[in-house]
Amino acid sequence: MYFYNGTFKITNVQYNREFDKHTSKEYRDLSTSIEMLVTNTFRASIFNKKYIRSHVVNLRPDTSGVVVELVLMFEFASNDNRKAFSERIKSILLRRLQTNTEGLEIDPSTFQLSGKFLELSLFSLILLLGPSLSSVQWMKKENGEHLFNNCCGIRTSKSLSYANRITGGISAQVGEWPWQASLQLSGIHRCGATLISNTWLITAAHCFRGQQNPSRWTASFGTVIRPPQSRRSIRNIIIHEKYSDAVQNHNYDIAVVQLSSPVEFTNVIRMVCLPEEFYVFPHNTTCFVTGWGALRNEGSSINNLRQAEVKIIDTNICNRAEVYNGAIAPGMVCAGYLEGEIDACQGDSGGPLVTEDRRGVWFLVGIVSWGDECAKKNKPGVYTRVTYYRDWIAAKTGL
């Protein structure tokens, strides 16, 4: 695996304060345009099969536009001519920036590209991304970890092992869902949860029915529950103030959990991206739900993490009489299939429903909340809608 650091200035875009937030629509839209430009350049070149991806890591202000900082990733054979490839890569990208930039006005004189050939995992490459990419250097481990804490929704796994369902199919690969956590009561798995920072998890409020004492809970990380990749005790459990165990309408089924100490990010433990409150995930969007839940209704939890591909279902459809008969509130989202067969199950509660954007970055859509048994016809899974509670999450965690 080889990488290059690049910078250049866009002169027909003025800096927007929303560029400070990597999950904002403005940042994602401009980054997508830039990454597509770079990707299209190398897909149409002799490096088509060697180019992996590009990733914008920073947009910073300039008096005459916006300075872009990005990383390009390639995979070369050990006997490839490294020096010749470096010069050719720089020449190909510079020529594109000088001629056809698909609506982006780029000052070619500001273009810099530097690279270093290193035999590293993709995770190690991401650790090297810094706030300034004007030079290439090996960063100290602690610096790399600090920078990587600001990168959300990125996975090391190159391919998905698509499973038909959580209640069957195959186990997830190591590193596929690095934000997944297991919440354990007295050492026994009870619910899933999702890392949203190095100290905060998000999960379902109903996971803590009758058991809200943080000292009895732990969180583990990794693809298997036993032995875990890492484990943390719990400092604080914050349940939505309007959630009630006594009211069986499933509203406000959300909680955030503060870890006793920060988790260390590795290639198999990372945080997911939280969407902005205004973001809309259209119906029929492909998502994945993951967990250690039962393989059948009323079954026992399992040790290996599993996954299921599901589709977001329009709320109007989900509220039909034959489905959930008006029970789906604005703070909920349905996902699955009306024909059943694919679904989350007991023990998956509190876990993540995620989707990938055009940049290959993963966002948290929902939290496994409730449903009528598992994988029944006309009874898809119902999830807590994260965007609906985005302000509440920010108020409790500062994220």
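Tyr252 lies in the loop that links β9 and β10 (255–259). The model is predicted.

**Tyr252**
- Phi of Tyr252 is positive, at about 60 degrees, although this residue is not a glycine.
- Tyr252 is partly exposed, because its relative accessible area is 24%, and partly exposed covers values between the buried limit of 20% and the exposed limit of 50%.

**Ala375**
- Ala375 also has a positive phi, near 60 degrees, and is a residue other than glycine.
- The loop between β15 (362–370) and β16 (381–385) holds Ala375.

**Pro227**
- A cis peptide bond runs from Arg226 to Pro227. Its omega is near -5 degrees.
- Pro227 sits in the loop between β8 (217–221) and β9 (230–239).

**Helices α1 and α2**
- Helix α1 spans residues 25–43, and helix α2 spans residues 82–99.
- The two helices pack with their axes 10 Å apart, at an angle of about 120 degrees. That angle makes α1 oblique to α2.
- The crossing of α1 and α2 is right-handed.
- On the α1 side, the contact involves Leu37, Val38, Asn40, Thr41 and Phe42. These meet Ile89, Ile92, Leu93, Arg96 and Leu97 in α2.
- The residues of this contact divide into seven nonpolar, two polar and one charged.

Definitions and conventions
Residues numbered from 1 in each chain as written. Predicted model: local features only at pLDDT ≥ 70, side-chain atom pairs only at ≥ 80, totals over all residues. Heavy atoms only, no water. Axes fitted to C-alpha atoms, helices over the stretch in contact; angles between N-to-C directions. Helix = DSSP H or I, 4+ residues; strand = E, 2+ residues; numbered from the N terminus. Parallel < 35°, antiparallel > 145°, perpendicular 65-115°, else oblique. Left-handed = near helix turned anticlockwise from the far one by under 90°. Contact = heavy atoms within 4.5 Å. Nonpolar A, V, L, I, M, F, W, Y, C, P; charged D, E, K, R; others polar. Buried < 20%, exposed > 50% of the residue type's maximum accessible area, 1.4 Å probe, protein only.
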